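Dear colleague,

Please find the structure below, handed over for your records.

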Amino acid sequence: MPSSGFAIDSSFGFRNSVFSPRKRMDIETLILGPLETNTYVLHGDGGECWVIDPAGMDGGQLLDYLQRNRLSPTRVLLTHGHGDHIAGVPDLTRAFPTCRVCCPEGDAPMLPDPNLNLSALMGVSILVSSPDESLRFGQVLMFGQIEWTVLDTSGHTVGGASYYSRQMKTVFVGDALFSGSVGRTDIPGGSAGRLLKNIRLNLMSLDDETRVLCGHGPETTIGRERRANPFMKDFYKLKGPQAR
Ligand SMILES: [Zn+2]
């Protein structure tokens with residue numbers, strides 16, 4: 001089970017931030033399900049956690065992890081409505097009934113519809129009831145003192161979002177951006193033009209050192225993708241440096 005533990009402390013250069021060196025926020029990565037989807041567990045010093053994209057057809061591995069670490073999820077954040085990113089929601093909310101499921105509003109109709117969430121194509125039927133909260137782009141969610149902003153990275157799906165914390169210099173991007181690639185758009189609801197525009201406007205505008213946690217595969221940074229991602233390079237080659 002790969003791990004990418006990360007801690008905020010004074011060594012990360014938050015000299016002017018509101019954080020004391022004692023305040024910590026860790027991110028654990030679990031790779032779950034047949035499509036090897038990244039599920040992220042975000043937690044602080046206490047037992048509260050958020051789960052980003054609970055994957056896995058049975059929630060056993062995720063529930064085991066939460067139980068072993070005495071963590072109790074208060075929010076699920078979905079980056080988008082595809083079946084491999086929502087498959088673990090039913091087991092998670094059964095085990096933690098007060099946990100609120102949050103989905104970008106444009107993708108909310110996908111959750112209870114196996115055709116829209118593409119699980120029917122994989123020969124399974126993934127059904128998640130309507131989210132407790134539909135999120136709007138620009139909305140800010142607080143986890144303790146840490147802000148998470150909902151960014152518009154739609155284009156892989158109709159309403160896909162990323163979750164960005166300036167304080168943690170971290171963004172969860174789902175399937176919008178990958179190390180060296182971008183999300184598929186040749187699927188229902190996909191739009192290559194919209195995805196590339198949103199990546200340029202809302203992700204490439206972040207600081208180079210921003211940690212990018214993807215829906216599949218390894219993590220990367222905004223700077224690395226700006227320099228080396230062929231989709232970004234082609235864009236800048238076509239439009240010139242002012243395109244940034
Ligand atoms: Zn997807």
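**Strand pairing and packing**

Strand 10 (residues 170-174) and strand 13 (residues 211-214) are paired in the parallel sense, with four bridges between them. The model is a predicted one. Within this pair, T170 lies opposite R211 of strand 13. Both strands belong to an open sheet of six strands, ordered 7-8-9-10-13-14, in which the pairing is mixed. Its edges are formed by strand 7 (140-143) and strand 14 (220-221), each of which pairs on one side only. Helix 4 (residues 192-203) packs on this sheet and touches strand 8 (146-152), strand 9 (161-165) and strand 10. The direction of helix 4 makes about 150° with that of strand 8.

The largest nonpolar core holds 57 residues, and V76, Y163, V173 and L177 touch the most other members. Leaving aside residues up to four places away in sequence, Y163 touches I52, L77, W148, V150, V171 and F172.

Strand 2 runs antiparallel to strand 1 (residues 26-32), to which seven bridges join it; here E28 has V41 as its bridge partner. The hairpin of strand 1 and strand 2 has four residues between the strands, and G33 takes a positive phi near 85° in it. Strand 2 is likewise antiparallel to strand 3 (residues 48-52), with four bridges, and L42 has W50 as its bridge partner. A hairpin of four residues joins strand 2 to strand 3.

With kind regards

Terms used: Residues are numbered from 1 along each chain as its sequence is written. This is a predicted model: local features need pLDDT of at least 70, side-chain atom pairs count only at pLDDT 80 or more; totals for chains, interfaces and linings use all residues. Two strands pair if DSSP finds at least two bridges between them. Helices (H or I, at least four residues) and strands (E, at least two) are DSSP runs, numbered from the N terminus. Two residues are in contact if their C-beta atoms, placed from the backbone, lie within 7 Å. Axes are lines fitted to C-alpha atoms, for helices over the stretch in contact, and angles run from 0 to 180 degrees between N-to-C directions. A nonpolar core is a set of buried Ala, Val, Leu, Ile, Met, Phe, Trp, Tyr and Cys residues joined through C-beta atoms within 7 Å. A residue is buried if 20 or more other C-beta atoms lie within 10 Å of its own, exposed if 12 or fewer, and partly exposed in between; C-beta atoms are placed from the backbone.
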